[in-house]
Amino acid sequence: MAFSACFGGIIFNMLVGVGLGCLLQMTSSQLVVKLEPDSLLVWILAGALGLSLVFSFVSVPAQCFQLGKAYGACLILYYLAFLCVALLTEFRVIR
């Protein structure tokens, strides 16, 4: 249950976050909401999520569903690398 919550919580957070943001923008100003689906950050976010899912789907069954410190350390390092790339992209250091 905790393993599914790790992925389901992120997806729920994105859906509610985008939905509430669009709803607030529609009520305050215009009825047209402009999203930028072709930006580099969107591709980085989708790619990082996909790569993380593939890594987990392969490594967790390979470890017979008994996860150790190495798996946690890999996920933390992956998150830190993703965070650095996402921030550098957002601040337009990476184009």
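**Exercise 1.** Work out whether Cys64 counts as buried or exposed, and find where it sits.

Solution. Start with the relative accessibility of Cys64: at 58%, the residue counts as exposed (buried is under 20% relative accessible area, exposed over 50%, partly exposed in between, with a 1.4 Å probe and protein chains only). Next, the place: Cys64 lies in the loop between helix 2 (40-62) and helix 3 (69-90). Helices here are DSSP runs of H or I, at least four residues, and strands are runs of E, at least two, numbered from the N terminus. Last, the backbone: Cys64 has a positive phi of about 55 degrees, though it isn't a glycine. Most residues other than glycine have a negative phi.

Before you go on, a word on the model: it's predicted, so local features need pLDDT of at least 70, side-chain atom pairs count only at pLDDT 80 or more, and totals for chains, interfaces and linings use all residues. Residues are numbered from 1 along each chain as its sequence is written, and side-chain values use heavy atoms, with hydrogens and water left out.

**Exercise 2.** Find how far apart Ala81 and Gly50 are in sequence and in space.

Solution. Then compare: Ala81 and Gly50 are 31 residues apart in sequence and 15 Å apart in space, C-alpha to C-alpha.
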